[in-house]
Amino acid sequence: KAGDQIIIAASDYDYALSTNQKSNNRGQAAITRDGVTVAFGDDVQILTLETGTVDGTFALNTGSGYLYAASSNDNYLRTEETLSANSSWKITITDSVATVTAQGANTRNVMQYNSTSTLFACYSSASQKPIAIYKLTVIE
């Protein structure tokens, strides 16, 4: 729900979305899984969910902007300052796999993990590796 903090990780790899915003995509950062618990360092991007501009969507706030599907021709996942339909994501979760699809006009809009290039980007379909979403809770 809006206000929750999450991380986005590759479903089948021990990597999460990094704080490293490259020119056209996001790098990976190592995580350690233990059942449904994930441990991670400062290089993992914590995202705050906000209400998107399209009904039923979420914005993924990095603290300095919003992740968005940035192209119809290239596999870009960038950060923009102003919330738009391209940074409003429909999120569905089935069998622990998250489908995260931007709702704007840019058609390379499915967030995925690319294990060959070791990065997170947006594709025109679920052609790369699936992702999972973990909600942050404090463990004392």
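The largest pocket is lined by 10 residues, with T37, V38, K135, L136 and T137 lying nearest its centre. A pocket here is an open set of points on a 1 Å grid over the protein atoms alone, where a 1.4 Å probe fits, with protein on both sides within 12 Å along at least five of seven lines; lining residues have an atom within 4 Å of a point. Two or more lining residues come from each of strand 4 (37-40) and strand 13 (131-135), strands being DSSP runs (E, at least two residues) numbered from the N terminus. Strand 4 gives the most, with three residues. The space in the largest pocket is about 200 Å³, where a volume is the space filled by probe spheres set on the points, and grid points are joined across faces, edges and corners. By class, this lining has seven nonpolar, two polar and one charged residues; Ala, Val, Leu, Ile, Met, Phe, Trp, Tyr, Cys and Pro count as nonpolar, Asp, Glu, Lys and Arg as charged, and the others, Gly among them, as polar.

The model is predicted: local features need pLDDT of at least 70 and side-chain atom pairs count only at pLDDT 80 or more, while totals for chains, interfaces and linings use all residues. Residues are numbered from 1 along each chain as its sequence is written, and side-chain values use heavy atoms, with hydrogens and water left out.

The second largest pocket has a volume of about 150 Å³. Its lining consists of K1, D4, I6, L49, F58, I91, I93, I133, Y134 and K135, divided into seven nonpolar, no polar and three charged residues.

Beyond four places in sequence, I8 is in contact (heavy atoms within 4.5 Å) with A16, L17, L47, L60, M111, F120, I131, A132 and I133.

N25 lies in the loop between strand 2 (15-21) and strand 3 (26-34). N25 counts as buried because its relative accessibility is 14%, buried meaning under 20% relative accessible area (1.4 Å probe, protein chains only). Not counting residues up to four places away in sequence, N25 touches N20, L77, L119, F120 and A121.

How values were computed:
Helices (H or I, at least four residues) and strands (E, at least two) are DSSP runs, numbered from the N terminus. Buried means under 20% relative accessible area, exposed over 50%, partly exposed in between (1.4 Å probe, protein chains only).
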